[in-house]
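Subject: A structure for you to look at

Hello,

Here is the structure I promised to hand over. Please open it alongside this message, and keep the sequence at hand while you read.

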Amino acid sequence: MVKKQNHPLTDDLLFQQEMSGVVPLKTAPTTDSKAPRIANLKRKQEDFSAGPYLSNLVPSETPGHSDAEDGSSHRKNGIQKRTMQKLKRGRFEVGAELDLHNLTTEKGHAALLEFIAEAQSRSLVSVRVIHGKGLRSENGPRLKLMTRQLLRDHPQVLAYTRCKPADGGDGAVDVLLKSS
């Protein structure tokens, strides 16, 4: 068995001799990375009861996973895909329902906040919110947008998804709540 002897000085010298005429490549100043996202401030629990939360009803960029392009389902960080699949398939027992039909966005907002607080106090795991599809509304589906935005931002909501067609389809959402 022959031992290999390292000669660090000779290796370094050989490397420097080989690389003496090499010119570094010029790289383009651009990168492939995306622009940094602007972080939204999270709302505290007290902020939800302070008044109507209707910031132009534009979907916000909250941390989490939007499982659908149209915002019909959303899960917060830490909620597994398997749990979301169970919610979509109706595997969680719906403990209560809230129907927002014929309410204004302000009254619907207040009713939804009260409903979530009531469900939390009763230790319900899953609830259903019926907001309608907004087909007959002059200004589009405002209750639907308000409901989804509030659920996405509410600290007690872990996930939501539109219901199965037999349960209301795109006009209702099943909501998974934090256990109290």
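Below is what I found in it, going from the whole chain to single residues.

Before anything else, this is a predicted model, in which local features need pLDDT of at least 70 and side-chain atom pairs count only at pLDDT 80 or more, while totals for chains, interfaces and linings use all residues. Residues are numbered from 1 along each chain as its sequence is written, and side-chain values use heavy atoms, with hydrogens and water left out.

**The chain as a whole**

The protein chain has 5 helices and 6 strands (DSSP runs numbered from the N terminus: H or I of at least four residues for helices, E of at least two for strands). Read from the N terminus, their order is α-α-β-β-α-β-α-β-α-β-β. The chain has 180 residues, and 32% of them are buried (buried is under 20% relative accessible area, exposed is over 50%, and partly exposed is in between, with a 1.4 Å probe and protein chains only). Among contacts with a separation of 6 or more, 65% are between residues 24 or more positions apart (a contact means heavy atoms within 4.5 Å).

I would start with the charged pairs. Side chains of opposite charge can pair when their charged atoms come close. Searching the whole structure gives 6 salt bridges (a side-chain nitrogen of Lys or Arg within 4 Å of a carboxyl oxygen of Asp or Glu).

Arg 128 takes part in a salt bridge with Glu 97, where the closest N and O atoms are 3.5 Å apart. That pair links distant parts of the chain, with Glu 97 in strand 3 (residues 94-99) and Arg 128 in strand 4 (residues 126-130), 31 residues apart. Asp 174 also forms a salt bridge with Arg 128, and here the closest N and O atoms are 2.7 Å apart. This pair again links distant parts of the chain: Asp 174 lies in strand 6 (residues 172-177), 46 residues from Arg 128 in strand 4. The side chains of Arg 128 and Asp 174 are also joined by a polar contact of 2.7 Å (a pair of N or O atoms within 3.5 Å; within protein, one must be able to donate a hydrogen and the other to accept it, and residues adjacent in sequence count only if both atoms are side-chain atoms).

Is Arg 128 buried or exposed? Arg 128 counts as buried because its relative accessible area is 10%, and Asp 174 is buried too. Beyond four places in sequence, the residues in contact with Arg 128 include Val 94, Ala 96, Leu 98, Phe 115, Cys 163 and Val 173.

Arg 162 and Asp 170 form another of the salt bridges, with closest N and O atoms 3.8 Å apart. Arg 162 is partly exposed at 37% relative accessibility, and Asp 170 is partly exposed at 25%. Elsewhere, salt bridges that share partners join Glu 97, Arg 128, Asp 167 and Asp 174 into one network.

Asp 170 has a polar contact of 3.1 Å with the side chain of Arg 148, a residue of helix 5. Arg 148 is buried, with a relative accessible area of 5%. Helix 5 (residues 142-153) is largely enclosed by the rest of the structure, because 10 of its 12 residues are buried; among them are Leu 143, Met 146, Leu 150 and Leu 151.

**Two phenylalanines**

Phe 92 sits in the loop between helix 3 (81-88) and strand 3 and is partly exposed, at 24% relative accessibility. Its C-alpha is 9.5 Å from that of Val 175, although Phe 92 and Val 175 are 83 residues apart in sequence. Leaving out residues up to four places away, Phe 92 touches Thr 83, Lys 86, Leu 87, Val 125, Ser 126 and Leu 176.

Phe 15, in helix 1 (residues 8-18), is exposed at 52% relative accessibility. Together with Met 19 and Val 22, Phe 15 makes a nonpolar surface patch of about 300 Å² (patches are made of residues with over 30% relative accessible area and no salt bridge, like charges being joined within 9 Å and nonpolar side chains, namely Val, Leu, Ile, Met, Phe, Trp and Tyr, within 5 Å).

Happy viewing, and best wishes

Methods:
Accessible areas come from the Shrake-Rupley method with a 1.4 Å probe; for residues, only the protein chains shown count as cover.
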